[in-house]
Amino acid sequence: MFDIASIVVTFAIMLTLYRAIKGPTVYDRVLAANAIGTKAVVILVLIGFAYGRPHFLDLAVVYTLINFIATIAFLKYREMGRLD
Amino acid sequence: MIDILLLLIIVACAIFALFMKDLLSATIILGVYSFIMATIFTRLNAVDVAFTEASVGAGITSVLMIAALSRTKRYEYHYTKGQRKKPSALFSKIMSLVLVIVTGAVLVYGTLDMPEFGDPEAPTNQHVSPRYIEETHHDTGINNMVTAVLASYRGYDTLGETTVIFTAGTAVILLLRRKKKV
């Protein structure tokens, strides 16, 4: 059950990866990368329940928090042209 | 099944990150690479490694690369056709290809006589691991073995690592700080 679900989510990652690779603009790539991060979190939760270790949920929460650091840095770079 | 799919995604990410002319896009795809890699580490039950990969690979490295890009150029240097067809350019290309192939072949050759994945008879599972598994709780009173090794058995080592990282962080902040207008 959890295995099937995680395989389906992996296929969703592949579809999103197509957008990340194909572009055409860099904003598409950022959005796709963010979506892939979210789906990775979902896979993490599914793996946790498949292994019978529900405390992976805590990890998943922290992953979600990490997910948008790169996005914020990117947006700041695009807006100001520099990071500092 | 899911491992194979995730590894395929990793390979696709790596290949397309190489072919990106826009370095910012390559950075973002490397972030995706790190996130999938962290998922694979979790599949292998290496939660600590996965956590480091996610925070360092997907978080800090992307930020540092974007910071570096903000100080340099965003696009790869575009060679003209004349430059590309020069004998010296061709020679360096072929040499680097040969170097990469030889290194890869040596690495693959090194893996040939390694024990099967997860083999309980493997030397790594015979020699040191049982001692840690049996004695860790008695020695240190810490439940998680990885934490015990990092923070107790190798405490001084971790202290040194932290010092190195602190120094590197200070250096990066000094390099990236905003210069005051005189």
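Q: In this predicted model, which residues touch the most other members of the largest nonpolar core?
A: That core has 45 residues, and the ones touching the most other members are Ile36(A), Ala40(A), Leu44(A), Ile29(B), Val32(B) and Ile36(B).

Q: Which helices supply at least two residues each of this core?
A: From chain A they are α1 (2-22), α2 (26-50), α3 (56-67) and α4 (69-80), and from chain B they are α1 (2-19), α2 (23-43) and α3 (47-71). The helix that gives the most is α2(A), with eleven residues.

Q: What makes Ile29(B) a contact partner of Ala20(A)?
A: Two residues count as in contact if their C-beta atoms lie within 7 Å. Ile29(B) is in contact with Ala20(A) and Arg29(A), and also with Cys13(B), Phe16(B), Ala17(B) and Met20(B), leaving aside neighbours within four places in sequence.

Q: How many residues of each chain are in contact with the other chain?
A: There are 32 residues of chain A in contact with 34 residues of chain B. On the chain A side, α1, α2, α3 and α4 each supply at least two residues, and α2(A) gives the most, with ten. By class, this side has 23 nonpolar, five polar and four charged residues.

Q: Why is α1(A) called roughly antiparallel to α2(A)?
A: The two helices pack at an angle of about 170°, with their axes 9 Å apart. Angles over 145 degrees count as roughly antiparallel, so α1(A) is roughly antiparallel to α2(A). Their contact has 17 nonpolar, three polar and five charged residues.

Note on methods: Residues numbered from 1 in each chain as written. Chains lettered and ligands numbered in written order. Predicted model: local features only at pLDDT ≥ 70, side-chain atom pairs only at ≥ 80, totals over all residues. Core = buried A, V, L, I, M, F, W, Y, C linked by C-beta atoms within 7 Å. Buried ≥ 20, exposed ≤ 12 C-beta atoms within 10 Å, placed from the backbone. Helix = DSSP H or I, 4+ residues; strand = E, 2+ residues; numbered from the N terminus. Nonpolar A, V, L, I, M, F, W, Y, C, P; charged D, E, K, R; others polar. Axes fitted to C-alpha atoms, helices over the stretch in contact; angles between N-to-C directions. Parallel < 35°, antiparallel > 145°, perpendicular 65-115°, else oblique.
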